[in-house]
Amino acid sequence: MNVILRKTGNSTVITIPNKIKETLGAEIGEEIEFVTSGNNVIIRKAEPKFDFDRELEKAMNQYDELLKELVDR
């Protein structure tokens with residue numbers, strides 16, 4: 001499967017075909033990483049990084065009603 005390199009601003013971009021995205025199990029917004037070995041490049045899903053602010057926001061949203069009830073006590 002071949003893709004064409006394109007120029008966008010100061011970057012060179014490639015398009016990841018849907019078949020490859022599905023094989024990776026990747027979703028829009030997820031990070032992927034490029035690992036080089038000689039002339040070969042491996043594309044894989046990046047290991048998730050812990051994002052404290054994002055996790056805190058998720059917890060706050062999940063327990064919003066409960067937290068409001070605790071404040072009222």
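Before anything else, a definition: a helix, as I use the word today, is a DSSP run of type H or I with at least four residues, and helices are numbered from the N terminus. Please also keep in mind that this is a predicted model.

With that in place, let us look at helix H2, where Glu55 and Lys58 both lie, three residues apart, which is about one turn of the helix. Their side chains meet in a salt bridge, at 3.5 Å from N to O, and Glu55 counts as partly exposed at 28% relative accessibility, while Lys58 is partly exposed with a relative accessible area of 47%.

Helix H3 holds a pair as well, Lys68 and Asp64, which are four residues apart, again about one turn of the helix, and whose side chains form a salt bridge at 3.1 Å from N to O.

The structure holds four salt bridges, and another of them joins Glu33 with Arg44, where the closest N and O atoms are 3.0 Å apart. Glu33 lies in strand S3 and Arg44 in strand S4, so this pair ties together parts that are eleven residues apart in sequence.

Finally, the largest pocket has a volume of about 260 Å³, and its lining, which includes Glu30, Lys45 and Arg54, has two nonpolar, one polar and seven charged residues.

Terms used: Residues are numbered from 1 along each chain as its sequence is written. This is a predicted model: local features need pLDDT of at least 70, side-chain atom pairs count only at pLDDT 80 or more; totals for chains, interfaces and linings use all residues. Side-chain values use heavy atoms; hydrogens and water are left out. On a 1 Å grid over the protein atoms alone, a cavity is a set of points where a 1.4 Å probe fits but cannot get out, and a pocket is an open set with protein on both sides within 12 Å along at least five of seven lines; lining residues have an atom within 4 Å of a point. Grid points are joined across faces, edges and corners, and a volume is the space filled by probe spheres set on the points. Ala, Val, Leu, Ile, Met, Phe, Trp, Tyr, Cys and Pro count as nonpolar, Asp, Glu, Lys and Arg as charged, and the others, Gly among them, as polar. Helices (H or I, at least four residues) and strands (E, at least two) are DSSP runs, numbered from the N terminus. Buried means under 20% relative accessible area, exposed over 50%, partly exposed in between (1.4 Å probe, protein chains only).
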